[in-house]
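Please look over the sequence and the structure shown here before reading on.

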Amino acid sequence: MVESIITKNPSIGVEINPLGVLISRVKTTPLKPRELESSICRLLKEYYSRLGVLHLESGVHIDIECDRLRYWFKPAAIRDLAILKELLVDCPLEQDQAILDFLKVCFSETVRRASNSRAGQFKLHRLAPDKLSRHRPDVPGLFTSILLSNYHRMTEFYNCVCLGGQTEGARALVLEGDNREVDVPEKADLILTSPHYGDNKTSISYGQFSKLSMLWLGYKEEDIRRLDRRPSKSCTNTSAAQISRTLSGVVDKIRRKKESRARSVTAYFDSLYESLAATRYILNQRGIMCLVVGERHVTGTRIPMVKVVHDFMMDLRMKPIAKLSRAIPRKYLPRQNDTVETINREFILAYADCARS
Ligand SMILES: C[S@@+](CC[C@H](N)C(=O)[O-])C[C@H]1O[C@@H](n2cnc3c(N)ncnc32)[C@H](O)[C@@H]1O
């Protein structure tokens, strides 16, 4: 969507995770550097002044719904984050919603980096005891440096989009919800999507990944947990294994090893098929749909995503027009887990309507 704005093409994005929606809205809303700078200065001034006073009084109000707060954060981090939460979430100092959202995104990254969770992990895991005892996150320092680097990025984006007399770029609309249910107001000429890579046992568990930040931003624990369940839940009775023979073979192989894993893989592919069908529905007749997919393993069995997605797209009357492959240059997750490689390469598959010549 950022590239769409820069190239002056209107775009629409759909995302189920509220934190993903917040980040996308911030990344697609150019902010005037001067106004942003003065908001940042005002916030930091107030924050550092409250830190000084409250350190002395040690009377910080901690209002966060999290059962294991002290497991995931050290007491000093909780206190310093709670002051920020008050300034950004409970009684925001900033009145401009777009700037406030920018500041919340910076807060969200601060929470992740100040937490006791391990960086580069498959799931949410606490630091090993030796690392935990040495872990002394400097919340004000982290927040300040994240603010500064995001401020520079935003300035670069603003200059790219709004300089030369223009005050805004192309329209970018970010919709929150499950793409199988969300009403997208217009059809698209080009769709670019990276569908979820799998159910949460074998791939990125998006809810877990964003959980700590979302709790500090005021979301309820139960709603966050639902994020990892919802995408795999099928809305209809579509049987993806009947559409793709490759998939049905893979599911049989997994079933021989573990019945429950076969069930979750089946549910994941049923929902993926529905997601692709809903996406295809909003494509203009002469449009192109590009999918970024990675191949993962379940109980040691490789899931041939490219072939399965191809079978789905053929069923949706789409024909392949290009396939690119690339090594993922940088990733948050490890490249290898206990038994197999995680997703280190991804494929970009482009499809067009069968009727297109
Ligand atoms: C592989 S990530 C891609 C993230 C981002 N769109 C990008 O391209 O960098 C998949 C994203 O799809 C979202 N997602 C999963 N199922 C969804 C659904 N049914 N509707 C909307 N978003 C969904 C997840 O929350 C996650 O952010």
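What follows treats a helix pair, then a helix with its surroundings, then strand pairing.

The model is predicted, so that local features need pLDDT of at least 70 and side-chain atom pairs count only at pLDDT 80 or more, while totals for chains, interfaces and linings use all residues. Residues are numbered from 1 along each chain as its sequence is written.

Helix α2 (residues 18-27) and helix α6 (residues 97-114) have axes that come within 9 Å and cross at roughly 125 degrees, where axes are lines fitted to C-alpha atoms over the stretch in contact, angles run from 0 to 180 degrees between N-to-C directions, and helices (H or I, at least four residues) and strands (E, at least two) are DSSP runs, numbered from the N terminus. The two helices α2 and α6 are therefore oblique to each other, as angles under 35 degrees count as roughly parallel, over 145 as roughly antiparallel, 65 to 115 as roughly perpendicular and the rest as oblique. On the α2 side the contact (C-beta atoms, placed from the backbone, within 7 Å) is made by Leu-19, Leu-22, Ile-23, Arg-25 and Val-26, and on the α6 side by Asp-101, Phe-102, Lys-104, Val-105 and Ser-108.

In helix α14 (residues 305-315), the buried residues (20 or more other C-beta atoms, placed from the backbone, within 10 Å of their own) are Met-305, Val-308, Val-309, His-310 and Phe-312. Those buried residues pack against α11 (240-243), α12 (245-257), α13 (259-281), β4 (283-294), β7 (318-327) and β8 (345-353).

Strand β4 pairs (at least two DSSP bridges) in the parallel sense with β3 (residues 188-193) over five bridges, with Leu-192 opposite Cys-290 of β4, whereas seven bridges join β4 to β8 in the antiparallel sense.

Terms used. Two residues are in contact if their C-beta atoms, placed from the backbone, lie within 7 Å. A residue is buried if 20 or more other C-beta atoms lie within 10 Å of its own, exposed if 12 or fewer, and partly exposed in between; C-beta atoms are placed from the backbone.
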